[in-house]
Amino acid sequence: MLRRCSLPAALALCLLLAGCARARPVPQLRVRTSARHYMAGQQFLIEVTSSAPLPASDSIVVRLVPARGKALWRQRLPVSKAGFWRLDGLLPKPGAYRLTAIIPGADTGAAALDLLAVAPPPPYYGGVLSVAAYGFPRDLAGALRRHGFALRNGLGPAHPRLIAIAEPKLPGDRITARYRRIWADVAHGANLLLLSPPAPDMAPYWPFRVHLVNYSPACGAAFPGALPELRAGLPPAASQVLRPDFAYDLSQERDINLLAPDLSLLVRAPGGAGYAGCHAWFRFRFGRGLVTVSSVPVIAHAADAYTQRYVMNLLKLAALKPRRGRPAYGLAAAFQRHLAAIH
């Protein structure tokens, strides 16, 4: 037998049922940027996504709030059937910030991202260093050009002081001819910096054996202790951004006399077969030039301010004329014959 409800109880039940009928899941928002550290004044892209379409009556509000103080700006995004929005952001001065995206009136679904703005180096930091560049991401190339690094795409008519290759697969169809020209310029005295490990199909265009292994701290670090100039303007936290994923196994390298980052001679393993352990980066002489090879993941974090400052420091270091070691004319001649045989 059903018990009769009092009027107040029935009214409360009706209101509850009506509320449940109107209830709907609140979409979960997500806010993303290409990095967590930006140079103050650097413009970057913000992406906001929604796990489900929003009703026409809803909207999203994005805000940028410094650690201390009121919101610097807020922007209301219109409804998008795709559930995807893009907008530009900028951190005006060094310090900590929080980027948030909310649905006004909703208790859930909000997203937040903590960002840090760091002080940029002076505009003349590179001292107008001319760099023949290959495959630099736009964010990284732009930061370099704003701070005194004169990047030009590829080799010009004159021998460059420094060649920097971010993407070892060079553009165009005449890859062999391009690499022959690069190595000829290095043999004549240009320095070369390789910022990404070559893929297997590019390995024949490099004079050392390309064998990658998983990185461990024993492979070395982005900041070798003998080269404090690489740390200029960078906090200890930058080592987490610049931690390599891979390192070079040089145990089978018999033909090249390899150098440590500070240009001291690496000691071969017993028997002279190669070099023991793994190496995050190393150097060697090629003709009159000096080659620096790094596995620090600068391309994967090209928009990050720590990465950009590190690459600036590394370019300045790589451009210096070697203070130790004899020119390796024999290595240069042998490898040029190898490239001449590649069709």
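**Entry 1. The seven-stranded sheet**

I began with an open sheet of seven strands, whose order I noted as β10-β9-β11-β12-β18-β17-β15, with mixed pairing. At its edges stand β10 (149–153) and β15 (258–259), each of which pairs on one side only. I worked throughout on a predicted model.

Within this sheet I looked up how β11 meets β12. Strand β11 (residues 162–165) and strand β12 (residues 191–194) run parallel and are joined by four bridges. For I163, I found the bridge partner L192 in β12.

**Entry 2. The five-stranded sheet**

I next traced an open sheet of five strands, in the order β2-β8-β7-β4-β5 and again with mixed pairing. I recorded β2 (37–39) and β5 (73–77) as the edge strands, since each pairs on one side only. From one strand to the next, the twist averages 25°.

I then followed β4 to its neighbours on both sides. With strand β7 (residues 95–102), strand β4 (residues 60–66) pairs in the antiparallel sense over six bridges. I took V65 as a reference point here; its bridge partner in β7 is R98.

With β5, strand β4 also pairs in the antiparallel sense, over five bridges. I60 stands opposite L77 of β5. I noted that β4 and β5 form a hairpin with six residues between them. In the turn, I read a positive phi of about 125° at G69.

Which strands does helix α5 lie across? I found α5 (residues 305–318) across β2 and β8 (111–118). The helix runs at about 60° to β2, and β2 is an edge strand of that sheet.

**Entry 3. The α3 and α6 pair**

I examined helix α3 (residues 175–187) against helix α6 (residues 329–341). Their axes come within 10 Å and cross at roughly 170°. An angle over 145° counts as roughly antiparallel, so α3 is roughly antiparallel to α6.

I listed the residues that make the contact. From α3 they are T176, Y179, R180, W183, A184 and A187, and from α6 they are A332, F335, Q336, L339 and A340. By class, I recorded eight nonpolar, two polar and one charged.

**Entry 4. Pockets**

I turned to the open spaces. The largest pocket has a volume of about 190 Å³. Its lining consists of D255, I256, N257, L259, L265, F284, R285, G325, R326, P327, A328 and L331. I sorted these into seven nonpolar, two polar and three charged residues.

The second largest pocket holds about 150 Å³ of space. I found it lined by W206, P207, F208, R209, D255, I256, L331, A334, F335 and H338. The classes here are seven nonpolar, one polar and two charged.

The cavity is lined by L227, E229, P261, D262, L263, R283, L290, L317, L320, K321, P322 and R323. I counted the classes as seven nonpolar, no polar and five charged residues. Among the charged ones in the lining are E229, D262, R283, K321 and R323.

Methods. Residues are numbered from 1 along each chain as its sequence is written. This is a predicted model: local features need pLDDT of at least 70, side-chain atom pairs count only at pLDDT 80 or more; totals for chains, interfaces and linings use all residues. Side-chain values use heavy atoms; hydrogens and water are left out. On a 1 Å grid over the protein atoms alone, a cavity is a set of points where a 1.4 Å probe fits but cannot get out, and a pocket is an open set with protein on both sides within 12 Å along at least five of seven lines; lining residues have an atom within 4 Å of a point. Two strands pair if DSSP finds at least two bridges between them. Helices (H or I, at least four residues) and strands (E, at least two) are DSSP runs, numbered from the N terminus. Axes are lines fitted to C-alpha atoms, for helices over the stretch in contact, and angles run from 0 to 180 degrees between N-to-C directions. Contact means heavy atoms within 4.5 Å. Angles under 35 degrees count as roughly parallel, over 145 as roughly antiparallel, 65 to 115 as roughly perpendicular and the rest as oblique. Grid points are joined across faces, edges and corners, and a volume is the space filled by probe spheres set on the points.
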